[in-house]
Amino acid sequence: MSALGTNLRVVRALGLRSIRQTFRRPQLLAPIVVFPTILLAIQTGGAGSAVDLPGFPEVQSFLQFMLAGAMMQSLMLAGNSGGIAFAVDIEMGFTDRLFAAPISRFTIVLGRLAGTAALGLFSALWFLAIGLVFGAEIESGVWGALIAIVLVTASATAVGGIGAAIALRTGSASVVQGLFPLVLVVLFVSSAFFPVDLMIEPAKAIAEYNPMSFIVEGIREPIISGVHASDLIGAVAAILGIFALGLLLSARALRHRLRVG
Amino acid sequence: MEATVASPAWRSNLATIGALMARARNEILRVPGAAIPGVLAPTIFFLGLNGVFGALTQLRGFEVGAYESFIVPVSMLQGAGFTGAAAGVNMARDIEQGWLDRLLVSPAPRWVLLAGTVLSASARALIPAGFVLAVALPLGAGWPGIDGLAITFLMVAAMAAVAACWGCFLALRFKSQSAAPLMQAGMMAVILTTTAYAPLALLQPWLRRVAEINPVTEVVEAARQGFVGTVTWSQTWPGLLALAGLFTVLGALALRQMRRTGV
């Protein structure tokens with residue numbers, strides 16, 4: 001079998017393992033599905049009147065507006081959960097065994113990212129289904145839904161790269177778990193939950209330049225209005241930037257991990 | 001030969017509770033980093049919700065001038081919920097590591113073991129609540145007055161006790177830290193399906209119905225009264241009653257589970 005074929009098999013096996021791991025451990029699955037779903041329900045019910053505020057974008061409902069934010073929260077926590085699970089593997093010596101195996105070292109990271117991507121896909125489907133069940137419409141139809149799904153999956157992979165890099169660098173699950181509040185901070189200072197124009201300073205100023213805002217808008221626009229090239233390009237650029245950063249940091253952290261053992 | 005006089009049961013029970021509370025305090029002093037997420041999470045929620053949903057005060061029917069004042073007691077109660085849930089997670093850890101087994105074979109009654117954990121959570125909850133308040137006041141949250149502040153902290157401490165009972169019940173039921181999300185999600189849901197984000201009249205119909213029957217709504221309103229207006233007994237007693245009811249039910253469940261737990 002070619003080297004590429006072998007690597008793909010490793011990535012697939014490790015990806016499937018990480019998915020099974022997530023679904024078997026409630027601590028890993030809850031942040032991806034349970035918490036964002038509860039928050040989506042509560043924020044939609046609690047702040048739903050916000051659609052009456054002057055300057056709020058034209059939307060069918062606040063739920064329709066919030067779907068992208070819930071997906072964003074879920075995919076970022078999927079990246080964080082992936083990092084925690086990766087760090088647990090390092091702590092328990094599983095990664096050392098993989099390092100000793102005759103496989104490309106980077107497939108170990110890619111395997112983890114494949115699992116995170118699958119969770120991102122699951123998250124996109126989950127929240128789209130919730131939206132549809134509770135009456136939210138996808139304004140740009142099937143194509144819009146597909147664009148949202150692809151963007152969420154790609155974003156989960158990109159954010160997972162950062163989580164994997166931190167796991168490799170620190171080798172500590174508690175350190176990666178400690179990043180959970182940071183994920184919330186990044187989300188709150190983005191347009192995930194509210195239009196930037198209606199946010200309060202300084203959150204508003206930060207949200208305007210937060211790459212997560214670009215991704216959220218790319219996911220949200222097909223749901224609430226239609227596909228706009230500018231939003232799509234902004235989202236793809238932000239995802240590529242985070243992905244490149246994640247890969248770069250992972251490569252460096254991998255070298256560090258191999259050096260320190 | 002000198003006869004040994006046994007100390008009264010109440011005194012040894014108090015000593016045991018004190019020892020368990022001292023153990024919880026030592027955890028904070030020796031591993032301060034472990035307390036950081038519990039303090040940070042409600043603070044981030046406060047800052048985040050204020051930055052994101054602050055414009056809601058422009059809605060007709062939102063009688064409060066500053067959203068900081070409206071949301072700060074919710075974040076303090078959230079801190080209490082997280083702290084109580086963390087007490088449950090710690091108990092699950094103690095079960096996994098065999099520490100609880102050693103306590104169970106001691107002559108201490110079961111309720112004493114539970115009381116030590118629950119009271120520790122009550123005391124610990126004052127740390128995140130105090131931190132959130134210290135952040136909120138300079139940002140524009142209204143000063144609730146001494147009476148308002150005392151009621152808010154009373155609600156926070158009691159809410160942490162309720163959350164600890166919930167967490168301990170689940171820890172004893174599942175005997176695994178894997179139950180942690182259930183402990184946290186349960187508290188998050190019960191605290192936020194109230195008038196947490198907006199007054200009752202501005203909630204969506206389904207949430208309004210839930211908030212009307214959710215006893216924690218009374219707790220939120222009692223904790224909030226000093227920040228958004230004046231403190232009255234009519235707004236205080238429903239919160240106290242709700243907490244007493246929740247504590248009775250969840251405390252009984254936790255104690256029942258504790259009594260069922262064998263070594």
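**Confidence.** This is a predicted model, with ipTM 0.73 and pTM 0.82. Colour chain B by pLDDT: the mean is 88, and 95% of the residues of chain B reach 70 or more.

**Chain B, helices 7 and 8.** Select residues 145-174 (helix 7) and residues 180-192 (helix 8) of chain B; their axes come within 9 Å and cross at roughly 145 degrees. The crossing of helix 7 of chain B with helix 8 of chain B is right-handed. Next, display the side chains at the contact. Helix 7 of chain B contributes B:M159, B:A163, B:W166, B:G167, B:L170, B:A171 and B:F174, which meet B:L182, B:M183, B:G186, B:M187, B:V190 and B:I191 of helix 8 of chain B. Classified by residue type, this contact comprises 11 nonpolar and 2 polar residues, with no charged residues.

**Chain A, helix 3.** Move to residues 34-47 of chain A, where helix 3 spans 20 Å between its first and last C-alpha, close to the 20 Å expected for its 14 residues at 1.5 Å a residue. Is this helix enclosed or open? Helix 3 of chain A is largely enclosed by the rest of the structure, because 11 of its 14 residues are buried.

**Chain A, A:T116.** Finally, select A:T116 in helix 6 (residues 105-133) of chain A. Its relative accessibility is 3%, so A:T116 counts as buried. Beyond residues up to four places away in sequence, A:T116 touches A:A78, A:G79, A:G82, A:A156 and A:G160.

Methods: Residues numbered from 1 in each chain as written. Chains lettered and ligands numbered in written order. Predicted model: local features only at pLDDT ≥ 70, side-chain atom pairs only at ≥ 80, totals over all residues. Heavy atoms only, no water. pLDDT = per-residue confidence, 0-100. Axes fitted to C-alpha atoms, helices over the stretch in contact; angles between N-to-C directions. Helix = DSSP H or I, 4+ residues; strand = E, 2+ residues; numbered from the N terminus. Left-handed = near helix turned anticlockwise from the far one by under 90°. Contact = heavy atoms within 4.5 Å. Nonpolar A, V, L, I, M, F, W, Y, C, P; charged D, E, K, R; others polar. Expected span 1.5 Å × (residues − 1). Buried < 20%, exposed > 50% of the residue type's maximum accessible area, 1.4 Å probe, protein only.
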